[in-house]
Amino acid sequence: MPRNPHEKFGLTALLKPGGLLSPGALPPAHQTRRRDTMLTIGACLLAALGLWLLEGHASGYVVHLTCVGAIFATLAVSYNLINGVTGQFSLEPNAFVACGAYVTALLTLSPAEKEASFILEPLIWPLSAFSIPLLPALVIAGLLTALMAFLMGFPVFRVRGDYLAIVTLGFGEVIRVVANNAQSVTNGPLGLKGIPHITNLWWSWGLLAVCLFFIVRLVHSSYGRALMAIREDETAAEAMGINAFWHKMLAFTLSAFFEGVAGGLLAHLITTISPSLFTFFLTFNLLIIIVVGGLGSTTGAVLGAFLFTYGGEWLRVVEEPMQLMGLDIPGIPGMRMVIFSLILVGVMIFLRRGILGRHDFSWRWLLASLGLGRGSKA
Amino acid sequence: MLTVRDLTVSYGGITALRGVELEVRRGEIVTLVGANGAGKSTLLGAISGLIKPAAGSITYRGQEVAGTKAHRLSRRGLILVPEGRRIFVNLSVKENLILGGYFRPHDAGFSQDLERVLDTFPRLAERADQPAGTLSGGERQMLALGRGLMGSPKLMMLDEPSLGLAPLMVAEVFGVIRRIHEQGVTVLLVEQNAAAALKVADRAYVLETGKVVLSGTGKELAADGRVQRAYLGMD
Ligand SMILES: Nc1ncnc2c1ncn2[C@@H]1O[C@H](COP(=O)(O)OP(=O)(O)OP(=O)(O)O)[C@@H](O)[C@H]1O
Ligand SMILES: [Mg+2]
């Protein structure tokens, strides 16, 4: 790859925030940045147009799936921040999603609805007496989930590697058990019903946009570079002046915040939640998504989430009875998971690092591949 | 600048350092030689705050720092270039360098240092956008040194910078160490290559199984019979 000899003097470009990661930024950084901002805004408008068309013309089923896709993309991007970018192999997102879902639902359900649902034991006061709109409920749920992550972080980040995975897995289970048994708050195994169906394309995609905005900016800031340094070599990062503990905390609480909010939106999409929704299986699915997409790649997480959502639906056909070459094949429940596992194994064999490896989308890269940009491929 | 008194470090049951005494004065190059497993890396780790000492005192620029965390000490100009380079292989060369000055504001001094590092190591400048994992061993050592320099060190501790390098590259690394020293950085150097290390050193210490057994000027130690037999391969 030819390199410009002046590149090493491109220090002004280097020092501008945001310009740090753009390799060999030849045009002045502020110009490239303005171009990227315009392109991003353009893409958002285009996406909004697409959503509007979808809302007007697509079937309710497709709209529902597209909402689920955006929520899973939000979850995957957040989970990837701690697992992929920071390299802390943790297994608790089901707990954070559950926390967000329950908190939001308990805040938005009307007192009458709550009274009707909690038949075994009444809901504790003051939760039983009021309800608030979705937006503040989501914010509260996100903050509470982040607080939970923050408190959890103290014991969790004392350990590394396999221990970290086991401790976080334990936390995930604890939350599920609590949801099952705290009858007067969560309604136990019965769960919460009649949650208002508020989540639509705008809510789910809006959250995805906000989440991407913050997480992409974080990853491309000097904090993000420090998170990657921790993933690469924690001791060396410490020697470099990086406080590994607090950086991990930052990534963990931020990802928990978005996982909590996404859980809230999920509850208001499917309208019924119960502890069985938030088992380790949810975490496992998210793990598949980020590993297949490319651990550490935000773009990969988004891609993986949509492949998983649409692909999972499309694969439903294999569970239905069908006729193949004159043979009647009865539906085999669970066949989808078998196929998913096979796909996972295939991806791991042929693409060790997932579909995108650690690469991320950038306008620079797109323009260069279209032959429009001045820069070389990232 | 740095005074180590009666320093003891143990890993579980194993005592790696027992009562080490060492001093580095401002502007010196001090070298530390010793056999494999003598405790050299442990000593640098304890000074830089990566390993918690069991007992003893470490004063750096007049303040007690034993037990202070590494990320705080590097902010005060006490920089370790660790054994085995430990660069961030999946990040680019440029990102590695920028991380070396992580805690510094991105001001004029920062850009000057970056420019100086890239001038000192033209090979790094050429490979600025390449993943650091694609560098050769020698280039990796250069990157580790450059990354250390980005932390604007007052005292730089180098753990076996010539490890695994061909003679020509070793000479280059020692040249760089001299230049770093000329720019006013105090250097504490750990080396297996005792001949070269004693030549550049103002003073030197010999560490054996966790104890300082000899110390003196570089010349004195190079002339010492025991050092010659044990570390310089002479009879
Ligand atoms: N993390 C650890 N846990 C247990 N023992 C350790 C650890 N690190 C070092 N040691 C032991 O402490 C002693 C000193 O090790 P150290 O790495 O400081 O030696 P060194 O002088 O740097 O050797 P080398 O020249 O081979 O790098 C050795 O006996 C080693 O086995
Ligand atoms: Mg060593």
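This report looks at how chain A and chain B meet in a predicted model, and at a nonpolar patch on chain A.

## Where the chains meet

Let's start with the overall numbers. Chain A and chain B bury about 2900 Å² between them, and carbon and sulfur atoms give 64% of that area. On the residue side, chain A puts 33 residues into the contact, while chain B puts in 28.

Which side chains meet in a salt bridge here? They are R86(B) and D233(A), with an N to O distance of 2.8 Å. The rule finds one salt bridge across the interface of chain A and chain B. As for polar contacts, the count between the two chains is seven residue pairs, with both residues at pLDDT 80 or more.

## The chain A side

Three helices of chain A each supply at least two residues of the side that touches chain B: helix 1 (11–15), helix 10 (222–232) and helix 11 (234–239). Helix 10 gives the largest share, with eight residues.

Sorted by class, that side of chain A comes out as 16 nonpolar, ten charged and seven polar residues.

## A nonpolar patch on the surface

Chain A also carries a nonpolar surface patch, made of I140(A), L144(A), L147(A), F150(A), L151(A), F154(A) and W246(A). Taken together, these residues have about 610 Å² of accessible area.

Where does the largest share of the patch come from? Helix 6 of chain A (residues 134–156) provides it, with six residues. F150(A), for one, sits in helix 6.

Key. Residues are numbered from 1 along each chain as its sequence is written. Chains are lettered from A and ligands numbered from 1 in the order in which they are written. This is a predicted model: local features need pLDDT of at least 70, side-chain atom pairs count only at pLDDT 80 or more; totals for chains, interfaces and linings use all residues. Side-chain values use heavy atoms; hydrogens and water are left out. Contact means heavy atoms within 4.5 Å. Buried area is the accessible area (1.4 Å probe) that two parts lose on being put together, summed over both. A salt bridge is a side-chain nitrogen of Lys or Arg within 4 Å of a carboxyl oxygen of Asp or Glu. A polar contact is a pair of N or O atoms within 3.5 Å; within protein, one must be able to donate a hydrogen and the other to accept it, and residues adjacent in sequence count only if both atoms are side-chain atoms. Helices (H or I, at least four residues) and strands (E, at least two) are DSSP runs, numbered from the N terminus. Ala, Val, Leu, Ile, Met, Phe, Trp, Tyr, Cys and Pro count as nonpolar, Asp, Glu, Lys and Arg as charged, and the others, Gly among them, as polar. Patches are made of residues with over 30% relative accessible area and no salt bridge: like charges are joined within 9 Å, nonpolar side chains (Val, Leu, Ile, Met, Phe, Trp, Tyr) within 5 Å. Accessible areas come from the Shrake-Rupley method with a 1.4 Å probe; for residues, only the protein chains shown count as cover.
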